Amino acid sequence: MERTLILLKPDCVERRLIGRVLARFEDKGLGLVAMKMMRVTPALAKEHYAEHVSKPFYPALEKFITGAPVVAAVIEGLEAIRVVRDLLGATSGLKAVAGTIRGDFSSSRQMNLVHASDGPEAAAREIALYFKPNEICDYAPTITPWLRAPDEG
Ligand code: CMP
């Protein structure tokens with residue numbers, strides 16, 4: 001089992017797409033184990049996007065990500081980090097394949113609706129940035145036997 005952090009970005013919240021986007025993850029069989037609506041502060045943006053802080057697009061990215069509330073969530077599932085990124089599609093909504101979340105709902109590189117951790121180290125770091133351990137709900141969903149065979153994990 002893997003866990004990954006997603007952020008439904010300000011464009012997703014403002015466009016009233018929270019429910020439709022979360023449904024894509026739930027429809028796939030992934031589970032939510034933590035979720036909250038919040039404002040990203042400039043300080044949190046700099047920590048979250050540490051690898052982008054020196055890039056030319058960072059000031060605009062910070063203005064965007066702090067400009068309206070986000071919904072942060074932790075998603076759990078088999079190979080969840082890759083599966084979630086596959087569901088999102090390419091970074092730019094213009095390049096993302098139709099059928100992916102960005103391919104279906106975004107026409108922008110910056111306003112690409114959802115952030116998702118890009119690997120196990122990023123997932124651990126980002127989950128800890130947004131959630132305290134006691135905000136994550138460990139539970140065994142009763143639907144699991146109808147999502148996959150017992151030998152699949
Ligand atoms: P995300 O997956 O959250 O990771 C970094 C974010 O920076 C990315 O999604 C986009 O919102 C934004 N981004 C990435 N590349 C560019 C770019 N070249 N110009 C503007 N914004 C970008």
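Which residues does Arg 102 touch, not counting residues up to four places away in sequence?

**View 1. Arg 102 and the residues it touches.** This is a predicted model, where local features need pLDDT of at least 70, side-chain atom pairs count only at pLDDT 80 or more, and totals for chains, interfaces and linings use all residues. Residues are numbered from 1 along each chain as its sequence is written, and side-chain values use heavy atoms, with hydrogens and water left out. Arg 102 sits in helix α6, residues 101-105 (a helix is a DSSP run of H or I, at least four residues, numbered from the N terminus). Arg 102 touches Leu 88, Gly 89, Ala 90, Thr 91, Gly 93, Ala 96, Asn 112, Val 114 and His 115 (contact means heavy atoms within 4.5 Å).

**View 2. Arg 102 is buried without a salt bridge.** Buried means under 20% relative accessible area (1.4 Å probe, protein chains only). A salt bridge puts a side-chain nitrogen of Lys or Arg within 4 Å of a carboxyl oxygen of Asp or Glu. The side chain of Arg 102 does reach the backbone oxygen of Ala 90, at 3.4 Å. The backbone oxygen of Asn 112 lies 3.1 Å from a polar atom of that side chain.

View 3. Strands are DSSP runs of E, at least two residues. Ala 72 of β3 is the bridge partner of Leu 7 and of Lys 36.

**View 4. Both faces of β3 are covered.** Eight of the eight residues of β3 (residues 70-77) are buried, so the strand is largely enclosed by the rest of the structure. Val 70, Ala 72, Val 74 and Glu 76 lie on one side. Val 71, Ala 73, Ile 75 and Gly 77 lie on the other.

How values were computed:
Buried < 20%, exposed > 50% of the residue type's maximum accessible area, 1.4 Å probe, protein only. Lys, Arg positive; Asp, Glu negative; His and termini not counted. Polar contact = N/O pair within 3.5 Å; in protein donor to acceptor, adjacent residues only side chain to side chain. Pairing = 2+ DSSP bridges.
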